[in-house]
Amino acid sequence: MNANTATPAKTKLRVATTSLAGCFGCHMSFLDIDERILQLVELVEFDRSPITDIKHCGPCDLGIIEGGVCNAENVHVLHEFRKNCKILVAMGACAVNGGLPAQRNHLDLRDILEEVYQTEPGLTHGGIPNDPELPLPLNKVHPIHEVVKIDYFLPGCPPPADAIWKFLTDLLAGRTPHLGHGLLHYD
Amino acid sequence: MAFELETASHPETLKRVAIEPVSRVEGHGKVTLLLDDDNKVHQVRLHIVEFRGFERFIQGRPYWEVPVMVQRLCGICPVSHHLAASKAMDMILGAKLTPTAEKLRRLMHYGQILQSHALHFFHLSSPDLLFGFGSDMATRNIVGVAAAVPEVAKKGVLLRKYGQEIIRLTAGKRVHGTGAVPGGVNKSLSVEERDLLLKDIYQMVAWSREAVGIIKGLFEKNLAEYNAFGRFDAHSMGLVRADGAMDLYHGGLRARDKSGEIIFDHFDYGHYWEKISEDVKPWSYMKFPFMKHLGPDEGWYRVGPLTRVANCDFIPTPLADHERKEFLAYDAGRPAGATLGYHWARMIEMLHAAESIKDLLHDEDILGTDLMAKGERQERGVGVIEAPRGTLIHHYRVNEDDLVIRANLIVSTTHNNQAMNESIRQVARQYFDGREVTEGLLNHIEVAIRCFDPCLSCATHALGQMPLEVTLEDAAGNTIDSLYKDAHGVSRGK
Ligand code: SF4
């Protein structure tokens, strides 16, 4: 790019990350780039993310989503990310296809509610939580591409750290991200 | 039942302030405060807002799948779920582990403790502790720490890396590996792998000692504030070894009351339900456990590093035991009852984990190849482990077709539910009443929550329901899911 006039601080890529119906394992795999994280923070700055205290996403170059959509709040956050992020990435099996939480999709919500909150023998006072502060759970867990447009999919449960690193460095270098053999996992 | 500040008498007259989402913790939670016009606090609640339904959908699966499935509850401490489930399934098989299998699992577990504690202290909590609870939000994160004290950040990153490498070499993969199986483990450790780990372990022990020094120094500097911050009295519970030693992999349950007197000791966790029951409250998907004989108002307790360090009689590795003694004696024992004392205790445990790893790597059994055991098949299995965040209980029943027919999990963070709520209510009393609410002030609430290192992702394995209607539309505006509450208060799809 414009090497002569660019001021390094201005060229940092602004990145937001969040976990929806995920286990944070994908974020852990992100941190598994280990020392390279210290290199990375020279090149990117973090907006909303579990590692910062920014509660709402501002305009960003890149948004990374872990987890599928299981409740009304997830939908809300996903829209917030789509609106603000130029590029949106589905990180990991849960975001790509619902993952393990989607195992509940063949079950009736009523049965699960009753079993966990009412008939479980270890309970003294049962009752299904219903406070307005709790977001409404959806009947099924959905992959995020069913709700908004997604630009890239990183498969794996979680995607290996090296895949996340390759993706980011490709993007930072202005290349179309490409994960070759060994970095694509479907576990 | 009612706890002070849990429920305001006239919520409709109050203004609501929310911390949403709670950040620099794992999982999905929010805090709501209800304040009157003079900013006096009337209600404070930590809500766990997500649900999974795990106990239900595990039913019908073959039991050997469970250790691999359950770890997807939590990506920060997957090994804990992996091992608790494996221990329960050992019981189903009636298997007594071979020495090599048990030691490899212990190695995996201590690797997990090391990486999780390092992550929590350095990546998540250190910004509050190093910069101040109300410091500038823009730099109050690990990137800010890396800029201000790069050496500290780097050691944190490398400690975590080492723990993750142990997990990789024992479980096959850093996150969601498959090393433990019912009756044993499926991978031995080669000489090369052992030597690779041995190379750096002394450095890890040294850095863990430094980490204890960091938090000790912070206590010294801010003693009065740290001792008082979010402080509350509580009973405590955790596993201890038969001789009273700290043992994070196996033991009997010991509970102490607020004054430190033993309530029960060496209780066989296979019958945990005789001691513990749970309550549900409408405003959180996380249940509220309590000791049965004391009831829900009196019987709640806390778990995790603070209680484990104080609860055991000694730590069976010398450096950590030395630090334990110093911690318990410091300032007449006040930090050992302080909410921020969790950080200090957590670093002592990290040191213990590093020392334990060192000992295990020097044990010839660790290179053994006798990995699997069998026994007489049982119908019920309970596995309990001290996970990084506290006591973790997995309980399954398996039928003669080898399918799971019942599951109950009480995860570490759930045990601390009431304790976390007490702590943030105490912070609200101490810092909020009458003051204008600012971002920095709100972070004080989160600082208290972070002390417990909650895993709100683990704690959300149950399903819930809401008195609302919602529809989910795809990008083109077509309805793809919806939910509403029917006349019986039950959620139904479209
Ligand atoms: S894809 Fe796997 S690691 Fe990522 S959030 Fe889902 S369960 Fe966790």
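Analyst: A residue is called buried when its relative accessible area is under 20%, exposed when it is over 50%, and partly exposed in between, with a 1.4 Å probe and protein chains only. This is a predicted model, in which local features need pLDDT of at least 70 and side-chain atom pairs count only at pLDDT 80 or more, while totals for chains, interfaces and linings use all residues. Residues are numbered from 1 along each chain as its sequence is written, chains are lettered from A and ligands numbered from 1 in the order in which they are written, and side-chain values use heavy atoms, with hydrogens and water left out.

User: Is B:Leu5 called buried or exposed, and why?

Analyst: The relative accessibility of B:Leu5 is 15%. Buried means under 20%, so B:Leu5 counts as buried. The residue B:Leu5 belongs to the segment before S1 of chain B. Helices (H or I, at least four residues) and strands (E, at least two) are DSSP runs, numbered from the N terminus.

User: Where is B:Arg24, and why does B:Arg24 count as buried?

Analyst: B:Arg24 sits in the loop between S1 and S2 of chain B. Its relative accessibility is 0%, and the limit for a buried residue is under 20%, so B:Arg24 counts as buried.

User: Which peptide bond involving B:Pro21 is cis, and what is its omega?

Analyst: The bond joining B:Glu20 and B:Pro21 is cis, with omega about -5°. B:Pro21 lies in the loop between strand S1 (15–19) and S2 of chain B. In chain A, a cis peptide bond joins A:Cys157 and A:Pro158, with omega about -10°. A:Pro158 is in the loop between strand S8 (152–154) and H6 of chain A. Most peptide bonds are trans.

User: Why is the ligand site described as shared between chains?

Analyst: The site is shared because the residues that surround the ligand come from chains A and B. A residue is near a molecule if one of its heavy atoms lies within 4 Å of it. There are 13 residues around the ligand, and A:Cys23, A:Cys26, A:Ala93, A:Cys94 and A:Cys157 come nearest. Helix H1 (25–31) and helix H4 (93–97) of chain A each supply at least two residues of this shell.

User: What is the make-up of the shell around the ligand by class?

Analyst: The shell has six nonpolar, five polar and two charged residues. Ala, Val, Leu, Ile, Met, Phe, Trp, Tyr, Cys and Pro count as nonpolar, Asp, Glu, Lys and Arg as charged, and the others, Gly among them, as polar.

User: What makes a space a cavity and not a pocket?

Analyst: On a 1 Å grid over the protein atoms alone, a cavity is a set of points where a 1.4 Å probe fits but cannot get out, whereas a pocket is an open set with protein on both sides within 12 Å along at least five of seven lines; lining residues have an atom within 4 Å of a point. Grid points are joined across faces, edges and corners, and a volume is the space filled by probe spheres set on the points. The whole structure holds eight cavities of 30 Å³ or more.

User: How much volume does the largest cavity have, and which residues are closest to its centre?

Analyst: The volume of the largest cavity is about 250 Å³. Its lining consists of 23 residues, with A:Thr18, A:Ser19, A:Arg48, B:Pro21 and B:His28 closest to the centre. By class, this lining comprises nine nonpolar, nine polar and five charged residues.

User: Which element gives the largest share of the lining of the second largest cavity?

Analyst: That element is H1(A), with four residues. The second largest cavity holds about 150 Å³ of space. Its 16 lining residues include A:His27, A:Met28, A:Leu31, A:Pro50 and A:Ile51, the closest to its centre. The lining divides into 12 nonpolar, three polar and one charged residues.

User: What is known of the largest pocket?

Analyst: The largest pocket contains about 380 Å³ of space. Among its 21 lining residues, A:Pro160, A:Ala161, A:Asp162, B:Arg168 and B:Arg174 are closest to its centre. The lining has seven nonpolar, four polar and 10 charged residues.
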